[in-house]
Amino acid sequence: MSRPPLNPDKSNAGIIVDPQTLQRVIPESRRPDGSVRKEIKVRPGFTPQEDVRRFRGTRQTQMDANSLPKGHILGWIAPSSASQPAKPTSKSAKKNAKRKEKREEKKSGAAADEPVPDNWEDEDEDEAAPKPSESSSAPAAAAGVDTPKSEASSSEHTADKPTATHVVSSKAIKKLAADLEKLSTK
């Protein structure tokens with residue numbers, strides 16, 4: 001069993017644990033006139049009024065635990081925590097970081113390939129006339145040829161007509177054809 005510290009912690013009422021006897025006591029103290037007060041033993045289980053905590057229900061304690069510190073601003077991150085970059089230490093962490101960078105580059109590259117129209121009002125006029133890319137992509141899709149998304153879905157999105165951006169691979173077409181043949185023979 002470990003011994004209590006030489007300078008024990010005092011409660012609000014001044015009660016400490018005596019290091020020699022391991023009992024709770026109020027230690028000796030000096031009065032202003034110089035005389036000494038005797039050490040007072042405290043009965044086990046006794047809690048003086050100064051040490052009694054204010055009652056807090058479970059909801060109140062939970063709210064206190066979840067509350068933000070005084071003066072905290074929502075959404076604000078301290079500069080010290082935001083400026084420290086996370087450094088991968090292990091080999092697997094480094095590999096995962098590289099993979100993540102490649103995925104982000106791939107996503108940003110795919111977004112950069114699609115042209116952004118200069119004027120959104122011109123779309124309504126273009127919908128009336130069919131585009132040459134629409135007619136050329138339909139035979140390619142029927143033949144089972146993979147086409148890029150920009151060719152396959154050249155029709156613009158409107159509130160009335162949602163965009164159809166489905167690119168079907170040749171394997172999927174062959175599988176569907178085989179399934180259809182099985183259904184038709186039965």
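1. Strand β2, which covers residues 24–26, is joined to β5 by 2 bridges, and the two strands run antiparallel. The model under discussion is a predicted one.

2. This pairing belongs to an open sheet. The sheet is formed by 3 strands in the order β1-β2-β5, and the pairing is antiparallel. Which strands lie at the edges? They are β1, at residues 16–17, and β5, at residues 40–41, and each of them pairs on one side only.

3. The loop between β1 and β2 contains L22. The backbone of L22 deserves attention, as this residue has a positive phi of about 60 degrees although it is not a glycine.

4. The unreviewed UniProt entry carries the annotation "domain: WIBG Mago-binding" for residues 22–48. In the model, the span of residues 22–48 is 0% helix and 33% strand.

5. The protein as a whole has 7 helices and 5 strands. In what order do the elements run from the N terminus on? The order is β-β-β-β-β-α-α-α-α-α-α-α. Among contacts between residues at least 6 apart in sequence, 21% join residues at least 24 apart.

6. How many salt bridges are counted in the model? The count comes to 1 salt bridge. The side chains of D64 and R56 meet in a salt bridge, with a distance of 2.6 Å from N to O. D64 is partly exposed, at a relative accessible area of 44%. R56 likewise counts as partly exposed, at 28% relative accessibility.

7. The confidence of the prediction should be read alongside the points above. The mean pLDDT of the protein is 74, and 61% of its residues reach 70 or more. Where is confidence highest, and where is it lowest? It is highest in strand β4, residues 36–37, at 94, and lowest in helix α6, residues 149–152, at a mean of 46.

8. Two stretches call for separate mention. Over residues 132–143 the pLDDT is below 50, and this stretch has 9 contacts in the model beyond near neighbours in sequence. Over residues 147–154 the pLDDT stays under 50, and the model has 14 contacts for this stretch beyond four places in sequence.

Methods:
Residues numbered from 1 in each chain as written. Predicted model: local features only at pLDDT ≥ 70, side-chain atom pairs only at ≥ 80, totals over all residues. Heavy atoms only, no water. Pairing = 2+ DSSP bridges. Helix = DSSP H or I, 4+ residues; strand = E, 2+ residues; numbered from the N terminus. pLDDT = per-residue confidence, 0-100. Contact = heavy atoms within 4.5 Å. Salt bridge = Lys/Arg side-chain N within 4 Å of Asp/Glu carboxyl O. Buried < 20%, exposed > 50% of the residue type's maximum accessible area, 1.4 Å probe, protein only. UniProt positions renumbered as here; feature names shortened; annotations may be inferred.
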